[in-house]
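Q: I have a model open and want to learn to read its features. Can we go through them one by one?

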Amino acid sequence: MKVVVTGSGTAGSNFALFLRKADRKAEITVIGKEPTMQYSPCALPHVISGTIEKPEDVIVFPNEFYERQKIKLMLSTEAKAIDRERKVVITDKGEVPYDKLVLAVGSKAFIPPIKGVENEGVFTLKSLDDVRRIKSYITERKPKKAVVIGAGLIGLEGAEAFAKLGMEVLVVELMDRLMPTMLDKDTAKLVQAEMEKHGVSFRFGIGVSEIVGSPVEAVKIGEEEVPADLVLVATGVRANVELAKKAGLEVNRGIVVNGHLQTSDPDIYAIGDCAEVVDAVTGKRTLSQLGTSAVRMAKVAAEHIAGKDVSFRPVFNTAITELFDLEIGAFGITEERAKKEGIEITVGKFKGSTKPEYYPGGKPITVKLIFRKSDKKLIGAQIVGGERVWGRIMTLSALAQKGATAEDVAYLETAYAPPISPTIDPITVAGEMAMRKLK
């Protein structure tokens, strides 16, 4: 069986390894635009700040590792078209035949139509080359004032990196808060306050209308001109659907797939940032552009191609980050989005400490849980705290995936030790507060 993968990022690289594990005889070929296999895009802001020393350090495995697994690599190669009748991928270096084809073509940074966005000193943060260009620019020009357009995960992590390098940082966001798809206003304010302590300032509800100068000298926010000598455009990403669309596959915001991650052509799969899957709360189609989702999709597609009857489950899009001294985790639906979707909810919220009150060193933690009124099930959570948010958001996400109710969360068995956690965990208290309202 000839299996061809277009895309050498997280989804494509992991798919090739999972398939090799499931099928020792398959002929696996990976076609990728970049010269290397998988690296971690989530680590790129930490390369800018210097926490990770070199861009190359974020490459997961060297190319030789895949070749030792008898995976053929066609890197620095672009897939131009798919001939579905002949079952070949047409590249800039020739044709590649397939029995099964996996589209792991990822996403690209969305660049809004801002005047001057192509000027020198304006960057996106999506690839190793982006990081190399930013680091080179910082070394050469030593910028003092950075403006970040967009207050999502990448924008805020970029803002943190610039602040750690001593720059004055302004984040401009069209919405009324930071992380608008992950957090409600109340939890977003906690993150904003922490970032402001570290010198990052914000402008909400307004956009950048122009970038002045090349190299950059200023940005226009509405009619106001603000000095800047570096600009990061972090206004989200868009799924790469062009190849699939050209091949006549069903496409919306992403490439439409079924539960096995097959496209409208059953011999062609789509995984990772480019695939449109199902939202666990609304049942609607959505994108799940997270590294964890990419790996899970890779596993399901590989095992299905190898003959196992497996499906990719609907997503809650569980995400976590750390900004300065604060951890932020979230999944599922926000309170605001629930209202837009017409879902009646009950919220349980608790602000406490990560350790018992009597034990020194505890840090503030706020837990917000969202339950659907009709069946009392957990459908969303937001946690902002000084430590150990990761374990709590993972626990809650696992509970939601299993259909847990407010009562299940309130009576959850947890662990206690004074240096680590309180006897009554904040997540169970938040669950109890919601349970009382639901009775």
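Q: In which sense do strand β4 and strand β5 pair, and over how many bridges?

A: Ground rules come before the case. This is a predicted model, where local features need pLDDT of at least 70 and side-chain atom pairs count only at pLDDT 80 or more, while totals for chains, interfaces and linings use all residues. Residues are numbered from 1 along each chain as its sequence is written, and side-chain values use heavy atoms, with hydrogens and water left out. Helices (H or I, at least four residues) and strands (E, at least two) are DSSP runs, numbered from the N terminus. Two strands pair if DSSP finds at least two bridges between them. Here, β4 (residues 79-83) and β5 (residues 88-91) pair in the antiparallel sense, over four bridges. Ile 82 has Val 89 in β5 as its bridge partner.

Q: What do β4 and β5 form, and which residue in the turn has a positive phi?

A: They form a hairpin with four residues between them. Lys 87 in the turn has a positive phi of about 55°.

Q: Where else does a residue other than glycine have a positive phi?

A: Lys 70 has phi near 60°. Lys 70 sits in the loop between α3 (63-68) and β3 (71-74). Ser 76 is another case, with a positive phi of about 55°. The loop between β3 and β4 holds Ser 76.

Q: Is Lys 70 buried or exposed?

A: Read the relative accessible area: buried means under 20%, exposed over 50%, partly exposed in between (1.4 Å probe, protein chains only). Lys 70 is exposed, at 69%. Ser 76 is partly exposed, at 40%.

Q: Which peptide bond is cis?

A: The bond from Ser 214 to Pro 215 is cis, with omega near 5°. Pro 215 lies in the loop between β13 (208-212) and β14 (218-221).

Q: How many residues does the largest nonpolar core have?

A: In soluble globular proteins, nonpolar side chains tend to be buried together. A nonpolar core is a set of buried Ala, Val, Leu, Ile, Met, Phe, Trp, Tyr and Cys residues joined through side-chain atoms within 4.5 Å. The largest one has 55 residues; Phe 15, Leu 103, Leu 261 and Ile 271 have the most contacts inside it. Helix α8 (residues 291-305) gives the most to this core, with seven residues. Apart from this core lies another of 44 residues, including Ile 48 and Leu 125.

Q: What does Leu 103 touch?

A: Contact means heavy atoms within 4.5 Å. Not counting residues up to four places away in sequence, Leu 103 touches Ile 82, Leu 243, Tyr 269 and Ile 271, among others.

Q: Is Gly 155 buried or exposed?

A: Gly 155 is buried, at 1% relative accessibility. Gly 155 belongs to helix α5 (residues 153-164). Leaving aside neighbours within four places in sequence, Gly 155 is in contact with Val 148, Gly 150 and Ala 234. Gly 155 and Leu 17 are 138 residues apart in sequence and 31 Å apart in space, C-alpha to C-alpha.
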